[in-house]
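Please look at the sequence and the structure shown here. The paragraphs after it go from the whole chain to two single residues.

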Amino acid sequence: MTDALKSDAHVVTLTSAERERKWPNVRPKDAATLILLDRQGPSPKVLMGRRHPGHKFMPGKFVFPGGRIEAGDRRMAAAGALDAKVEERLMARVQRATQGRARALALAAIRETYEETGLLLGTTDHGAPDEAPEGVWSEFAAHGVFPTLENLHFIARAITPPRRPKRFDTRFFAAEAADIAHKVEGVVGPDSELVELVWVELEEAQRLDLPTITGVILKELQTRLDGGLAPWMPVPFYYEVQGKFRRDEL
């Protein structure tokens, strides 16, 4: 199947998915997600987490860790800068685009990953960050980890359709498992947001109980892996217009 036909199939999949539309419409909030990749074996694996079955939003679904931007994400120090192409595409098709906003999105993905999995993405080569914002970022400092941005890949962007219970303008990043600098045990469990974590090959991941958009992003990830995660590859952008999804490229 050609790339164009694959793209058309992704649009059909998203448009035809059944969704309740009974909530007041709200403006999507900036959010970010991190896909951790393990490419040490014969087939790449991704880290997936199963949401608590008691959640009102996507109960029991397998997802990538992620969430909305918080104030501290705009102030946290980081080791290295975003790749110029990543930064350029994060600033495309947004109102009030700034480098600070692009950087905060990347840091939000790293912070949320730690909050939900206990995995700290970064480096310990520079000692502990000075003056980390209070809250979760102070825990990075306590473990002597600087978050790293230079190795992040921008995989996709997607906006939740209108009249859903929550709406996000989500940027999907990918990073190598080798960039995990530290792990805190006990974060994932029966009473946590994620009740289990699994490393699974991409084909196997497609058979998990996934939100529709997550399945599409996994296919987009495969396309990018087939292209060697080249920075020049365009970034797909999914959003809905008059009841039908569109796929543009950033």
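Predicted model: local features only at pLDDT ≥ 70, side-chain atom pairs only at ≥ 80, totals over all residues.

Residues are numbered from 1 along each chain as its sequence is written, and side-chain values use heavy atoms, with hydrogens and water left out.

The chain has six helices and eleven strands (DSSP runs numbered from the N terminus: helices are H or I with at least four residues, strands are E with at least two). Its radius of gyration is 17 Å, close to the 18 Å that the globule rule gives for 250 residues, so the chain is as compact as a globular protein of that length. That radius is taken over C-alpha atoms, and the rule is 2.2 Å times the number of residues to the power 0.38. The C-alpha trace spans about 50 × 45 × 40 Å along its principal axes.

Of the 250 residues, 48% count as buried (buried is under 20% relative accessible area, exposed over 50%, partly exposed in between, with a 1.4 Å probe and protein chains only). The chain carries 35 positive and 36 negative side chains; Lys and Arg count as positive, Asp and Glu as negative, while His and the chain ends are not counted.

Arg96 is exposed, at 69% relative accessible area. Glu131 is exposed, at 80% relative accessibility.

Methods: Charge placed at Lys NZ, Arg CZ, Asp CG, Glu CD.
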